[in-house]
Amino acid sequence: GSTGSCARAVVLLYDDTHKQWVAAGGGPQTLSCVQLYHHPGANAFRLVGRKMQPDQQVVLNCPLGRGLRYSQATPQFHQWREARRVWGLSFGAPHEAAPFAAAVLRALRGG
Ligand SMILES: CC(=O)N[C@@H](Cc1ccccc1Cl)C(=O)N1CCC[C@]12C=C[C@@H]1CC[C@@H](C(=O)N3CCC[C@@H]4C=C[C@H]5CC[C@@H](C(=O)O)N5C(=O)[C@H]43)N1C2=O
């Protein structure tokens, strides 16, 4: 289940062809609720993001592999690579970004 309350961030993917960040799930760059989920059985973690408006669309559902490098490029913009994709989280507020990053880094160390 979720390990905590949600952080508000725009979930982005890097479009390498056009060298620009685009909204995950298409459409406008609007805030999603991003959360760290823990599956105790496999001691596995994943990041899940759902649009806050209008319809809770799942725009992020990414496993946190142990070797994953979570980059806090700025206090409000974090990013990581998954296979051939690069995800970005543009947080609404630094005070939500920091605890979220701390939880992710703890999960990457084994929870
Ligand atoms: C070795 C490696 O993989 N390196 C990756 C990063 C990485 C390192 C280590 C582990 C994993 C990863 Cl993923 C890499 O460098 N990547 C991943 C794809 C994109 C990028 C490549 C080039 C561009 C140049 C500029 C820079 C960039 O995107 N930003 C600067 C920092 C914040 C700045 C903030 C917000 C976003 C909102 C829109 C745009 C704007 O503000 O208008 N923007 C930005 O401009 C943002 N880039 C990157 O981050």
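Okay, let's start at the ligand. Around the ligand sit Tyr14, Trp21, Arg69, Ser71, Ala73, Thr74, Phe77, Gln79, Trp80, Arg81 and Val86, where a residue counts as near a molecule if one of its heavy atoms lies within 4 Å of it.

Quick housekeeping before I go on. What you have on screen is a predicted model, so local features need pLDDT of at least 70 and side-chain atom pairs count only at pLDDT 80 or more, while totals for chains, interfaces and linings use all residues. Numbering runs from 1 along each chain as its sequence is written, and side-chain values use heavy atoms, with hydrogens and water left out.

Back to that shell. By type, the residues around the ligand split into six nonpolar, three polar and two charged.

Now, which side chains come up to the ligand's oxygen atoms with an N or O atom? Trp21 is one of them, with a side-chain N or O atom 2.8 Å from a ligand oxygen. Gln79 has a polar side-chain atom 2.9 Å from a ligand oxygen. And for Arg81, the distance from a side-chain N or O atom to an oxygen of the ligand is 2.5 Å. As for cover, the ligand taken alone exposes 850 Å², and the protein buries 50% of that; those areas are Shrake-Rupley values with a 1.4 Å probe, and for residues only the protein chains shown count as cover.

Which elements give two or more residues to the shell? Those are β6 (71-74) and β7 (77-82), with β7 giving the largest share, four residues. When I say strand or helix, I mean DSSP runs numbered from the N terminus: helices are H or I with at least four residues, strands are E with at least two.

While we're on β7, have a look at His78, which sits in that strand. Is His78 buried or exposed? Buried, at 0% relative accessibility. The cut-offs are under 20% relative accessible area for buried, over 50% for exposed, and partly exposed in between, using a 1.4 Å probe and protein chains only. The His78 side chain makes a polar contact of 2.7 Å with the side chain of Tyr70, and it also reaches the backbone oxygen of Pro75 at 3.4 Å. A polar contact here is a pair of N or O atoms within 3.5 Å; within protein, one must be able to donate a hydrogen and the other to accept it, and residues adjacent in sequence count only if both atoms are side-chain atoms.

Next stop, β1. Seven of the nine residues in β1 are buried, so call that strand mostly covered. Which strands does β1 pair with? Strand β2 (residues 20-23) is antiparallel to β1 over four bridges, and pairing takes at least two DSSP bridges between the strands. Leu12, in turn, faces Ala23 in β2. The hairpin of β1 and β2 has four residues between the strands, and Lys19 there takes a positive phi near 55 degrees.

Strand β3 (residues 31-39) also pairs antiparallel with β1, over four bridges. With strand β8 (residues 85-91) the pairing is antiparallel too, over five bridges. Val10 turns up in both places: it stands opposite Leu31 in β3 and opposite Ser90 in β8.

Last topic, charges. How many salt bridges does the structure hold? Three, taking a salt bridge as a side-chain nitrogen of Lys or Arg within 4 Å of a carboxyl oxygen of Asp or Glu. In one, Glu96 and Arg8 meet at 2.3 Å, N to O. Glu96 lies in helix α1 (residues 94-108) and Arg8 in strand β1 (residues 7-15), so this pair ties together parts 88 residues apart in sequence. Glu96 is buried at 13%, whereas Arg8 is partly exposed at 35%.

Another salt bridge brings Lys19 and Asp16 together at 3.2 Å, N to O. Lys19 is exposed at 52%, and Asp16 is partly exposed at 49%. Then there's Glu82 with Arg85, at 3.8 Å, N to O, where Arg85 is partly exposed at 43%.

That's the tour, thanks.

Methods
Ala, Val, Leu, Ile, Met, Phe, Trp, Tyr, Cys and Pro count as nonpolar, Asp, Glu, Lys and Arg as charged, and the others, Gly among them, as polar.
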